[in-house]
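Dear colleague,

Please find below the structure that I am handing over to you.

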Protein chains: 2
Amino acid sequence: MSEHKQIGSETLANVRVVLVEPSHPGNIGGAARAMKNMGLNRLALVNPARFPDPQAQWRAAGAQDVLESAEVFDTVQAAISDCQLVIGTSTRMRRIPWPSGSAEEVAADVLNRGGLQVAVLFGRETSGLTNEELQLCHTHLQIPTAPEYPSLNLAMAVQVVCYELRKQTAAHEAAIEGPQSPGWDRPPATAAQLEGFMEHLRSALEVSGFLDPDNPGQTLTRLRRLFVRAQPDATELQMLRGVLTQIEGLVGGTGSQGE
Amino acid sequence: MSEHKQIGSETLANVRVVLVEPSHPGNIGGAARAMKNMGLNRLALVNPARFPDPQAQWRAAGAQDVLESAEVFDTVQAAISDCQLVIGTSTRMRRIPWPSGSAEEVAADVLNRGGLQVAVLFGRETSGLTNEELQLCHTHLQIPTAPEYPSLNLAMAVQVVCYELRKQTAAHEAAIEGPQSPGWDRPPATAAQLEGFMEHLRSALEVSGFLDPDNPGQTLTRLRRLFVRAQPDATELQMLRGVLTQIEGLVGGTGSQGE
């Protein structure tokens with residue numbers, strides 16, 4: 001199990017984010033933070049307009065280490081030379097159809113193939129990747145957007161792609177370990193406990209005069225649906241029965257607290 | 001198909017992003033752009049430190065309209081009062097477990113249930129949402145992150161959640177015959193209706209002697225969790241309030257049967 005976890009982490013460690021000619025240093029910092037939040041740490045910059053820069057540092061927050069270890073290249077070719085799978089992010093449809101997929105599909109592919117050296121290219125803030133750069137890629141990745149305003153901020157695009165990679169790494173690890181228990185603090189009530197409560201509820205509502213036994217209407221059915229839906233745990237049912245006992249005590253004047 | 005498309009777009013139009021006490025105006029702008037990129041446009045701000053602000057405008061880029069139509073509130077309660085499904089983003093584990101899911105799971109739930117007024121709460125940059133604010137939520141949403149550095153930038157968190165909503169809307173639209181919404185018979189209660197009920201419950205439990213106002217313990221929090229989880233509809237809340245009024249009548253000795 002721990003071995004599989006290692007494989008997931010290693011896959012992310014082998015994914016490098018390549019920013020091609022970013023013009024705003026804030027985006028470099030934002031991308032670094034987005035990467036580290038999702039467990040990636042290899043940042044490559046191709047001809048950044050300003051780097052290093054205080055704005056990049058500020059936006060990177062706790063991801064200074066990602067900035068400090070970032071590699072700077074003169075060409076995209078140099079940045080990806082040792083990569084086995086090169087992915088280009090693109091919102092535009094190209095004249096020549098290219099292998100492509102959504103962020104989700106491409107991330108799944110990266111995880112499924114595991115262990116490869118991977119590069120994900122992100123283009124310029126204003127103009128994206130050139131056709132020539134897109135043709136260096138094995139596959140193109142599209143982020144679904146609203147047609148009215150499809151242009152994501154650069155660091156945001158990095159965030160979405162890294163998020164998909166992280167999410168699917170976690171899913172891979174969970175699938176191997178089996179479903180996690182939700183970690184509720186109390187055991188769910190049994191059917192018998194729930195029926196006991198419903199019976200107590202009916203009787204308390206009747207003795208209190210809220211419910212006419214001869215003409216109950218839909219009230220109990222609707223209350224049952226509500227409590228069944230809530231899937232109460234045993235402690236919650238005990239608490240609710242305490243309230244019912246209190247009601248009965250008020251009616252009888254005996255103040256019975258024995259339940 | 002065109003009908004399904006409409007349903008998807010309408011669902012996103014009914015989702016409001018609520019930023020609680022954001023301190024950096026850049027994050028407000030970044031969130032506005034992230035929203036519009038993904039087809040959302042309803043932004044609510046609770047006590048923003050600086051708004052409007054040039055930094056927000058600059059980061060919003062082509063989403064000025066989202067900023068201009070943003071609503072500003074004094075309290076979270078006011079911002080969500082007409083919402084039927086309230087989601088709180090949270091990275092922390094709470095003492096009392098609460099219904100929760102990943103961004104993907106919660107987004108799927110929003111889309112599946114369609115047509116509800118939905119609020120997604122995002123907390124302060126430094127400290128997130130308070131426990132009290134988290135207890136206003138029907139469900140908590142977690143974004144998977146690397147354990148070493150789990151703290152996402154605020155606007156980035158908005159981006160990830162809006163991306164999941166968009167992605168799943170697209171998936172819904174792609175399905176020619178998607179699963180139908182369960183078609184509940186009554187409208188879900190609003191947050192204001194639920195708060196009214198919780199206040200009534202507290203007061204009825206106190207006058208009946210069930211709850212010691214000076215030493216309430218966790219009882220009310222656990223009852224809140226139960227009822228929030230059940231997501232009662234308006235009719236169910238009316239019925240429950242009828243029971244509470246009956247209890248109050250028993251205590252007062254007036255034997256009110258008027259409900």
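This is a predicted model: local features need pLDDT of at least 70, side-chain atom pairs count only at pLDDT 80 or more; totals for chains, interfaces and linings use all residues.

Residues are numbered from 1 along each chain as its sequence is written, and chains are lettered from A and ligands numbered from 1 in the order in which they are written.

**The contact between the chains**

On chain A, 47 residues are in contact with 48 residues of chain B (two residues are in contact if their C-beta atoms, placed from the backbone, lie within 7 Å). At least two residues of this side of chain A come from each of helix 2 (25–37), helix 8 (154–177), helix 10 (219–230) and helix 11; helices (H or I, at least four residues) and strands (E, at least two) are DSSP runs, numbered from the N terminus. Helix 11 of chain A supplies the largest share, 8 residues. By class, the side of chain A that touches chain B has 24 nonpolar, 14 polar and 9 charged residues. Here Ala, Val, Leu, Ile, Met, Phe, Trp, Tyr, Cys and Pro count as nonpolar, Asp, Glu, Lys and Arg as charged, and the others, Gly among them, as polar.

Helix 11 (residues 234–252) of chain A and helix 11 (residues 234–252) of chain B have axes that come within 9 Å and cross at roughly 35 degrees. Axes are lines fitted to C-alpha atoms, for helices over the stretch in contact, and angles run from 0 to 180 degrees between N-to-C directions. The residues making this contact are Ile247(A), Leu250(A) and Val251(A) on one helix and Ile247(B), Leu250(B) and Val251(B) on the other.

Phe122(A) lies in strand 6 (residues 118–122) of chain A. Phe122(A) is buried because 25 other C-beta atoms lie within 10 Å (buried is 20 or more other C-beta atoms within 10 Å of a residue's own, exposed 12 or fewer, and partly exposed in between, with C-beta atoms placed from the backbone). Beyond four places in sequence, the contacts of Phe122(A) include Val17(A), Leu19(A), Thr89(A) and Leu154(A). Glu21(A) is 101 residues from Phe122(A) along the chain, yet their C-alpha atoms are separated by 9.1 Å.

In chain B, Ile80(B) belongs to helix 5 (residues 76–80). Ile80(B) has 29 C-beta neighbours inside 10 Å and therefore counts as buried. Leaving out residues up to four places away in sequence, Ile80(B) touches Val18(B), Val86(B), Ala119(B), Leu136(B) and Ala191(B). From Ile80(B) to Thr190(B) the C-alpha distance is 8.3 Å, across 110 residues of sequence.

**Backbone features**

The peptide bond from Phe51(A) to Pro52(A) is cis, with omega near -5 degrees, and Pro52(A) sits in the loop between strand 2 (42–46) and helix 3 (54–60) of chain A. In chain B, the bond from Phe51(B) to Pro52(B) is also cis, with omega near -5 degrees.

Asn47(A), in the loop between strand 2 and helix 3 of chain A, is not a glycine but has a positive phi of about 45 degrees. Asn47(A) counts as partly exposed because it has 16 C-beta neighbours inside 10 Å.

With kind regards
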